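Subject: The structure we talked about

Hi,

Here is the structure I promised to pass on. Open it up and have a look around, then read on for what turned up in it.

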Amino acid sequence: MVDLIVQHEHLQAGLEDMCSRAGLPPLELPRAKSQFRPPNTTYRDLLTPTARKAIEKAFAAELEYHRYTW
């Protein structure tokens, strides 16, 4: 059962809240993929219009549910 959904852009804050609520010690997320994207870029800078449309089609329900917009 899921009782918490955390948006990716607030993942560290969500993890801190979850640890606090569960009585766990604080944890910090690793920056495991930071070397794959140039500094100061976002997904918007990397996706082509074709890739964006493919993502919108494949994940339409999730994007709508979480109110994500481009």
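One thing to keep in mind from the start: this is a predicted model.

Let's begin with Arg 21 and Asp 17. Both of them sit in helix H1, four residues apart, which is about one turn of the helix. Asp 17 is partly exposed, at 37%. The cut-off for exposed is over 50%, so Arg 21 passes with its 52%, and Asp 17 falls in the range in between because its value is 37%.

Have a look at what else surrounds Arg 21. If you leave aside neighbours within four places in sequence, Arg 21 is in contact with Asp 3 and Leu 4. Asp 3 is 18 residues away from Arg 21 in sequence, and their C-alpha atoms are 12 Å apart in space.

**Another one in helix H3**

How many salt bridges are there in total? The count comes to two. Arg 52 and Glu 56 are four residues apart in helix H3 (residues 49–58), so about one helical turn separates them. Arg 52 is partly exposed, with a relative accessible area of 37%. Glu 56 also counts as partly exposed, at 29%.

While you are in helix H3, click on Ile 55, which lies there too. Ile 55 is partly exposed, with a relative accessible area of 28%. Which residues does Ile 55 touch, leaving aside its neighbours within four places in sequence? They are Leu 47, Ala 60, Leu 63 and Trp 70. Met 1 is another matter: its C-alpha atom is 27 Å from that of Ile 55, and the two residues are 54 apart along the chain.

**The whole chain**

Now zoom out. The chain has four helices and zero strands, so if you read from the N terminus on, because each element is a helix under the DSSP rule, the order is α-α-α-α. The C-alpha atoms fill a box of roughly 45 × 30 × 15 Å along the principal axes. How does the radius of gyration look, and what would a compact globule have? The chain comes out at 15 Å, whereas a compact globule of 70 residues would be near 11 Å. Of the 70 residues, 4% count as buried. As for contacts between residues at least 6 apart in sequence, 31% of them join residues at least 24 apart.

**The largest pocket**

Rolling a probe the size of a water molecule over the atoms shows where empty space is left. The largest pocket has a volume of about 1,000 Å³. It is lined by 25 residues, and the closest to its centre are His 8, Glu 9, Leu 11, Arg 37 and Tyr 43. Which elements give two or more residues to this lining? Helix H1 (11–22) and helix H2 (43–46) do. Sorted by class, the lining has 12 nonpolar, eight polar and five charged residues.

**Two backbone angles to check**

Most residues other than glycine have a negative phi. With that in mind, look at Asn 40, in the loop between H1 and H2. Its phi is near 65°, a positive value in a residue other than glycine. Asn 40 is exposed, with a relative accessible area of 81%.

Arg 67 is the other one to look at, in the segment after helix H4 (60–65). Arg 67 is not a glycine either, yet its phi is positive, at about 60°. Arg 67 is exposed, with a relative accessible area of 72%.

That's what I have for you.

Cheers

Technical notes. Residues are numbered from 1 along each chain as its sequence is written. This is a predicted model: local features need pLDDT of at least 70, side-chain atom pairs count only at pLDDT 80 or more; totals for chains, interfaces and linings use all residues. Side-chain values use heavy atoms; hydrogens and water are left out. On a 1 Å grid over the protein atoms alone, a cavity is a set of points where a 1.4 Å probe fits but cannot get out, and a pocket is an open set with protein on both sides within 12 Å along at least five of seven lines; lining residues have an atom within 4 Å of a point. Grid points are joined across faces, edges and corners, and a volume is the space filled by probe spheres set on the points. Ala, Val, Leu, Ile, Met, Phe, Trp, Tyr, Cys and Pro count as nonpolar, Asp, Glu, Lys and Arg as charged, and the others, Gly among them, as polar. A salt bridge is a side-chain nitrogen of Lys or Arg within 4 Å of a carboxyl oxygen of Asp or Glu. Buried means under 20% relative accessible area, exposed over 50%, partly exposed in between (1.4 Å probe, protein chains only). The radius of gyration is taken over C-alpha atoms; the globule rule is 2.2 Å times the number of residues to the power 0.38. Contact means heavy atoms within 4.5 Å.
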